[in-house]
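Hi everyone, thanks for making time. I'd like to walk you through one model today, so please have a look at it with me.

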Amino acid sequence: MDFSSIFAEHRLRNRLFALISFLYAFVIYSLTVAPTNSFWDPSEYIAISHTLQIAHPPGSPFFAIFARVVSMFIPAEYVALSINMISVTASAFTIMLLYLIVVHLIEEWRGSADNMDFMDQIGLYGGGLFAALTFTVTHTQWFNAVEAEMYASSMFFTALVVWMALRWSANHDRPYSERWLILIAYMFGIGIGVHLLNLLALFFVAMIIYFKKREFTIPSFLAMAGISVAGFLAIYPVTIIHLPNVAGRIGNVTYGLIGPMTFIILIVAAVTFGIYYTHKKGYRIANMVLVAYAMIIIGYSSYALVMIRSQAEPPIDQNDPSEVQAFVNYLNRDQYGTAPLLRGNTFDNRTQSIDRSTETLFPRRHSNQPHHLDYYGNFNSDLAYLWQYQVNHMYLRYLNWNYIGREADIQDTGWFSGFSDTRHHQNPANTPYFYLPFLFGLFGILYHFKNDWKRAFSVSALFFLTGLAIIFYLNQTPFEPRERDYAYVGSFFAYAIWVGIGLTGIMELVKQFVGSNKAVSYGVMALSFAAVPFWMLHQNWESHDRSDNYVPRDYAYNLLNSVEKNAILFTNGDNDTFPLWYLQEVEGIRTDVRVVNLSLLNTEWYIKQLRDRQTHEALPLPISLTDEEIDRMTSQLELHNPQEIVIPVNKELLSTVFGTDPQQIEADPEGFGQLVSAGSVVDQTLFYQMLMATPFSLPVEELDDEVRFFLEGRSAGRDQQGNMRYYLQTQDRMILELLRQNQWLRPIYFANTVSRSGLLNLEPYFQFEGKAFRVMPIRRQAGAFGHVEPEVHADRLGQFQFNNWNSPTVYFDENVRRMLGNYRYGFTQLADAYLERNDVESAAHWLRYGEDMIPFRDIENDWTVASLYAFRYMRVDENERANNLAEFIEGRLLHELRYDMRDLDRVEIRMSNVEEDMRRARAQANTGRAQSLNRELQRLSRQRDTVIEDVSFTVSRLSILQNIYFETDRTEKAEELSIEVNIMTEGRLPIPQDIEESRQQIERFGLGI
């Protein structure tokens, strides 16, 4: 077979390189894909997809349907992997389409590849492969590709639409080429059922059609833009939001003559008739528009799944969109509130609050939350906030992550090129690219506009609308709970097109200088691929390889197995709830536990579901409130008068119920009425709790007769007289409701990730069990982690799973590292409990076990836990382990201290310069300039205080390590550390000089031996 003749045609060569692009991405993503669920939304999407339940708004029903088909015959332990592989496969196809898109765009101005010379063909295929291989290993694309998130699938539909538009462009003058446009409309419809971001590609499609069919004039271009906007609005919000809304209200308007289904049938009938009529009359464009609209509606119909499945009342039924109005609210994401876009109130720098008296255009600083207000004060205007935070920090930083380099995986860290120093050089996510991908992209932009400004302008529309336009629309507030780069992957995709075209332009320059010299051409090509995509692959592999990471699943397993049978478990929010849902719904583990998400407990629909619905074996929760009371509680904020809360403990009821078989209770519930109160009847709510009752770990007679605690509430600021005001969130009131109505029958737990403000000052009644605090009706001496019963806590920890947690090759991101510290506290608390009993051997065992399962790494979120761990080793006479760990920590702390002192010097120098500028401005009577500099000085002062606090904290931890050296007879080592710290801090924060000072310091820390 003559292979040279086979690949003589562009069509076959192009398919080969497209296949290579696909396989390259597919292999990389398959080797690094998460083997099970991941933190955040993927756990929820796996759970709701496999069982066709309702995800958080606005949902992703087409993704759910497709994932259900993929996973329905897969064993439960591999369901998560099978759904993760959807993202892998979709992302690999995205890479293949990117290659084809770049090739199409280059052919737009160079003509057919079959008519190109050898050098131009190298530039053509090389540019396409360069873009594809580079984008494959960019941070955001790789992150999305290896977990069950809809952004990978959404990106695939965006790439598919772009490619189809270019295919239409290449065949626009052929008969029936409009079929490509109809197919694009259908892809838009299906894409809506994955994520609305796909719709933003509509403007790219419109510009491709315009530039191919019309000569550019300003009036015609503006007309195209207007039609595009009208088309976009016709889809969103008119079709997606307003049509269902009208369907829900049409019955009231027509006095019941037309119901929602009749209205939908009429709409479908009208579109169908319009298609028939325009076809019959030969109105070609109108017919195409109606057919395209019909295709969008057909694709959008996947959202019927949401209402249909919600009406079945599944365990996960977010927002309960079973009725039309609830469905519209679901699509609108009403649960999350709205941000002003064109007009609204904004922050006033003079009053340091939101000015409610006037509305401004394009308000950016709109949130009235106290921590947001503090942050807004750092900016002189909305424009400054827009540029410095929303554009620079929340978009350009992410763009630079992908094409210049990333400094670290720590929240809010910046981009890093590799040409400067950084304290994070040991962080696995410290991935410098030395500007090379970014420079290729810049050159590609210039080269593209030079040769084909029309298509370059179209790509620019895609780049800006999937990037900066989203920034303007979202109007983000500060302090996002996690990085949001995944939302702008479409923009990064567009930039990758220019990265590939940049290499094509460089190859053209090579051709101009050396002619058709193959050796030089191949050399430049090889050097470019080695310096960009292959270097990025090397840099990013470690921080994107999830192949052996089972932490999210193990976390869920451990938390669920920390609680007693039939427990009610309060979790903090999405990140510690979704993994539990996955384990319960997919793997069927601990379905007797009712997980209560405190964040959702502020919504009326969730409270009603908890009150009314059984999930698996877990019966409804003890909530006595009516629908009207729940609606009133969740719709208004009431002030709270700080007071003592008293909840009685009916020991007679507890003793009887705990000692009675549930079948007997079920047979004769009324026999327990007198135990509740004289002449009382056991209602359904109490009956359910009696069936789910689980005894405590100590006899009932040892319990208190009542639970009494002081509840101050959350701060609501001061009134006009300067008095502090307090309020309770709905979740706080519901916790109190559950505690009262449960009558201590059913175990109630807080996950130990719940914020302190959500614990309601119940800590004296907490019993620490594994990863959760059980609320016990007995007040005991307890620290921040509650009371520890060693046998109970040890039993829970002994059941935990730690799959690959001690593997040095498994990458843990910041979120996981923070969680590991939480686990280590569990081991140290158990060791302390054993030490209180003088059981040193057991204390040492659990400390060793904890470190063996979760060893300390070069990168940790908080070295305090590690320092205290080493200190406890010393207390249990594990001196070798204590010293080894102390020396390991010491190097890291000194590294941090060195950089903190540099930061402190820089801030103080900057403050000195600002003070001088401010004096000069005042001398010149430049009041505005002086006020601006004064705000800058206050910001720097706060920054300095933060750095000083960090330095002080680091020195304190070093003092603990120094004490270990002293107490284990390593005096010389301790003295060396003292000298080094004093030199670094220039004597500003010295540590003890001898063992006596060291012991006094340890006493002040509350760590006395």
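I'll start with a sheet and its surroundings, then move to a helix, some strand pairs and a cavity.

A word on the ground rules: this is a predicted model, where local features need pLDDT of at least 70 and side-chain atom pairs count only at pLDDT 80 or more, while totals for chains, interfaces and linings use all residues. Residues are numbered from 1 along each chain as its sequence is written, and side-chain values use heavy atoms, with hydrogens and water left out.

Let's begin with the open sheet: five strands in the order 6-5-11-13-12, with mixed pairing. Helices (H or I, at least four residues) and strands (E, at least two) are DSSP runs, numbered from the N terminus, and two strands pair if DSSP finds at least two bridges between them. Which strands stand at the edges? They are strand 6 (594-597) and strand 12 (766-769), each with a single partner strand, so one side of each is left without a neighbour in the sheet. From one strand to the next, the twist averages 30°; axes here are lines fitted to C-alpha atoms, for helices over the stretch in contact, and angles run from 0 to 180 degrees between N-to-C directions.

Strand 12 pairs with strand 13 (residues 772-775) in the antiparallel sense, over four bridges, and Glu769 has Ala772 as its bridge partner in strand 13. Packing on the sheet is helix 32 (residues 730-742), which touches strand 5 (568-571), strand 11 (748-751) and strand 13. The direction of helix 32 makes about 155° with that of strand 11. Contact, by the way, means heavy atoms within 4.5 Å.

Now to helix 33 (residues 790-799), whose buried residues are Pro790, Val792, His793, Ala794, Arg796 and Leu797. Buried means under 20% relative accessible area, exposed over 50%, and partly exposed in between, using a 1.4 Å probe and protein chains only. These buried residues pack against strand 11, strand 12, helix 34 (814-836) and helix 35 (840-853). Take His793, with a relative accessible area of 0%. Leaving out residues up to four places away in sequence, His793 touches Phe768, Glu769, Gly770, Val788, Gly826 and Leu830. Notice Glu769 again, the bridge partner of Ala772.

Next, two antiparallel pairs. Strand 8 (residues 706-711) has a covered face of Val707, Phe709 and Leu711, and an uncovered one of Glu706, Arg708 and Phe710. In a regular strand the side chains alternate between the two faces of the sheet. Strand 9 (residues 714-718) and strand 10 (residues 724-727) pair over three bridges. They form a hairpin with five residues between them, and Gly722 in the turn has a positive phi of about 90°.

Finally, how many cavities of 30 Å³ or more does a search of the whole structure find? Four. A cavity is a set of points on a 1 Å grid over the protein atoms alone where a 1.4 Å probe fits but cannot get out, and lining residues have an atom within 4 Å of a point. Grid points are joined across faces, edges and corners, and a volume is the space filled by probe spheres set on the points. The largest cavity has a volume of about 230 Å³. Of its 20 lining residues, the closest to the centre are Pro315, Trp581, Arg594, Val595 and Thr615. Helix 26 (604-612) is among the elements that give two or more residues to this lining, along with helix 25 (578-585) and strand 6, and helix 26 gives the most, with four residues.

Terms used
On a 1 Å grid over the protein atoms alone, a cavity is a set of points where a 1.4 Å probe fits but cannot get out, and a pocket is an open set with protein on both sides within 12 Å along at least five of seven lines; lining residues have an atom within 4 Å of a point.
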